[in-house]
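Good morning, and thank you for coming. Today I shall speak about disulfides and nonpolar cores. Please look at the sequence and structure as we begin.

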Amino acid sequence: MNTFIRTAAFCLLLSVGLVGAAYEAYCRKCVAESQQASLFPHPERCDYFIQCDVSKDKTLAYEKACPPTLFFDSELRICGFGAEKCNAICNNGDKFKAVGYCNKYYECANSKFDTTLKSCADKEAFSADTSTCVPDANCPPVINVLLDCSNFTLDTNPQVYFHNGVRQSCASGLIFNLTTCSCQLAIAPTVTPVCTLFDLPMLADFDEKSAGRSVLNNGAVISNGAAYFKNASIVLPAFILNDFGEDIQITVDCLFENPTKSEIPVLNNGNCDLAPTVSFMVKDAMTSNPILEATIKVQNVLQAVTLQATIAPNTWSSFKLTKKGDDITLWKNDKLVDQKTEAGAFEYIDAAMVLGKATQKGSFEGYLKNLRVTKCPA
């Protein structure tokens, strides 16, 4: 089952009756389960959704409305006409004011959100405060089709927008739509793509420098001008389903210490459902001759390409893995140490990049800094 769809169902089961700040707890569960900041189904109604994001290690939750008569599609993560996909759990008898109408509402039936639009009598309006129809001579039975997005403006980066002057960001893979006043899946860009996907120095903070992309920090701390990991991890959601084509470059500075297992994960893009298609792993870590093994998988090729370099504990080393066209190379401290050839594009998958941990491989203890991922290596 798709990780996001499974997570959406998981979150809904945990979230009946959430209000206010409780949405942040809902987001923390969803983000932790899916390892991505994104859009998730509203726990009680299908004409709304919850935007979960992370800023400086704090989980943020935003309640957002779909345009009138549309419902949130948890698979595509957009508002559409998919009422049949509505699985929101609510309390019987609850009523919800419909977006764009003064006199219409939705109702909860059999503990589920009913997408059938219901209407008050003529000259009545639906009150969200009392969940009842109340007299209102000024309420015509018509829909306000046009949403007022005049208090929103866009940044030069379409992922970033301003609401009443306050800078906010859409989750990874989404852009802001000034027609619907909401984030939506990005359409294939018509401009030349920016090469840098991540620029994460981790020298003084955990901010991504190239475009402010989400960084989910699970216990790493800045120490001695680098990120220190001990039973910690950093998750980079923008790696999810990111098509690099035949050009990808990953660089990171690494110092490992106190090995307790023979294999130590540095970085990878796997999860509990999917094997990684790129990874850096310290092998033979407890011997006198440990190695750094980098793997990268090409589409439609059964075996991953493996490259190796020497590495020593308690010593800083800089590693760079590149695939440009058919050429795959591994560099250590700016010197070429291994190279192979494999035609084809990098195999991207529905998984974030994770630093410091890997499924069933334990955790990294030591320091990392200067992580950089580019989509078009020089």
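**Disulfides and cores**

The link of C102 and C139 is right-handed, with 90° about the S-S bond. In this pair, C102 belongs to the loop between β6 and β7 and C139 to the loop between β10 and β11, so that distant parts of the chain, 37 residues apart, are linked. The sulfur atoms of C102 and C139 are 1.9 Å apart, and both residues are buried. Please note that what you see is a predicted model.

How many disulfides does a search of the whole structure find? There are 4. As a reminder, a disulfide is a covalent bond between the sulfur atoms of two cysteines.

Another of them joins C46 to C86, with an S to S distance of 1.8 Å. C46 sits in the loop between β1 and β2, and C86 in the loop between β5 and β6, so this pair ties together parts 40 residues apart in sequence. With a relative accessible area of 7%, C46 is buried; C86, at 13%, also counts as buried.

C90 and C108 form a disulfide as well, with sulfur atoms 2.1 Å apart. The torsion about their S-S bond is about 100°, so this disulfide is right-handed.

Let us turn to the cores. The largest nonpolar core has 45 residues, and I234, F239, F280 and L371 have the most contacts inside it. Strand β21 supplies the largest share of this core, 5 residues. A second, separate core of 11 residues includes F71, F96, Y101 and C108. C108 therefore counts as buried, at 4% relative accessibility.

Key. Residues are numbered from 1 along each chain as its sequence is written. This is a predicted model: local features need pLDDT of at least 70, side-chain atom pairs count only at pLDDT 80 or more; totals for chains, interfaces and linings use all residues. Side-chain values use heavy atoms; hydrogens and water are left out. A nonpolar core is a set of buried Ala, Val, Leu, Ile, Met, Phe, Trp, Tyr and Cys residues joined through side-chain atoms within 4.5 Å. Buried means under 20% relative accessible area, exposed over 50%, partly exposed in between (1.4 Å probe, protein chains only). Helices (H or I, at least four residues) and strands (E, at least two) are DSSP runs, numbered from the N terminus. A disulfide is a pair of cysteine sulfur atoms within 2.5 Å.
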